[in-house]
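This report describes the surroundings of a ligand and then a single residue of the protein. Please consult the sequence and the structure while reading.

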Amino acid sequence: MGENRRTPSHVGLIMDGNGRWAKKRLMPRSYGHNAGMNRMIGLAEHAKKCGVRYLTVYTLSTENFSRPKQELEGLYSLFRKYFSANAKKLYGQGAAIKIIGDLSVLPEDVQILLADGEKNSPENAEFTLIFAINYGSHAEILRAVNTAVERGEKIGAEDFAKLLYTNGIPDPDMIIRTGGEKRLSNFLLYQAAYAELYFSDTLFPDFSDEELDKALEDFSKRERRFGNV
Ligand code: IPE
Ligand code: IPE
Ligand code: MG
């Protein structure tokens, strides 16, 4: 299980509130998503400076696929824009990119762009930015179970973890959710068994570096017992 460290090694971030942020400004939801992506890149750079080693950003859930086609198309365009420009910027700082989720339903050019980003990442990077795209814990767990069943052997926890999308990534120490809702919405349910939860009412595009500092500070004060005394 997790190590006791003052700074979380792995932070999961549920970036919620883009739509409401845009609505408050009488702008379309896509405007909020664009602002959210910009903020996410800034936060990733800040998290890296703070000593976070893995940052998993919940970018698109399996459930988000029921959203209007126009909103999804807008998100794909954002991936196109950000993955060509910012992926390179991140590599420049010795960061790696990883994608978790089922990409097979995305437009083919986006799939290629994401796969390239992952492939061109440096080995043994000091910081890894993990994008959860068309990710859902239920789908992830069922996929792992079905693979295990196909193999026809009972498996233990260690081998099961290898069948999850997060294979090779340590469990999150902390999950932050912005936007006011207090739920996990199918994000890293298996992996977050011992994650510290942090909820902020701030809508994601407004979630500043200082607010991340506050969350990290809060984490540093928590006593993690992992079931022990
Ligand atoms: C989160 O913001 C980003 C995605 C789910 C893609 P929302 O789009 O859910 O924003 P709100 O919750 O409607 O404000
Ligand atoms: C969670 O936000 C998904 C992402 C941030 C990608 P949602 O806005 O989809 O969650 P619910 O519907 O409020 O639970
Ligand atoms: Mg939302």
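By class, the shell around ligand 1 holds one nonpolar, six polar and four charged residues; here Asp, Glu, Lys and Arg count as charged, Ala, Val, Leu, Ile, Met, Phe, Trp, Tyr, Cys and Pro as nonpolar, and the others, Gly among them, as polar. The model is predicted: local features need pLDDT of at least 70 and side-chain atom pairs pLDDT 80 or more, while totals for chains, interfaces and linings use all residues. Residues are numbered from 1 along each chain as its sequence is written, chains are lettered from A and ligands numbered from 1 in the order written, and side-chain values use heavy atoms, without hydrogens and water.

The residues around ligand 1 include M15, G17, H33 and R67, where a residue is near if one of its heavy atoms lies within 4 Å. Helix α1 (18-24) gives the most to this shell, with three residues; helices are DSSP runs (H or I) of at least four residues, and strands (E) of at least two, numbered from the N terminus.

The table lists polar contacts, pairs of N or O atoms within 3.5 Å.

| Residue | Protein atom | Distance to an oxygen atom of ligand 1 |
|---|---|---|
| D16 | polar side-chain atom | 2.8 Å |
| R20 | backbone N or O atom | 2.7 Å |
| R29 | polar side-chain atom | 2.7 Å |

The protein covers 87% of the 380 Å² of accessible area that ligand 1 has on its own (Shrake-Rupley method, 1.4 Å probe).

E196 belongs to strand β6 (residues 196-199). Is E196 buried or exposed? E196 counts as buried because its relative accessibility is 15%; buried means under 20%, exposed over 50%, and partly exposed in between (1.4 Å probe, protein chains only). The side chains of E196 and R222 are joined by a polar contact of 3.3 Å.

Technical notes:
Polar contact = N/O pair within 3.5 Å; in protein donor to acceptor, adjacent residues only side chain to side chain.
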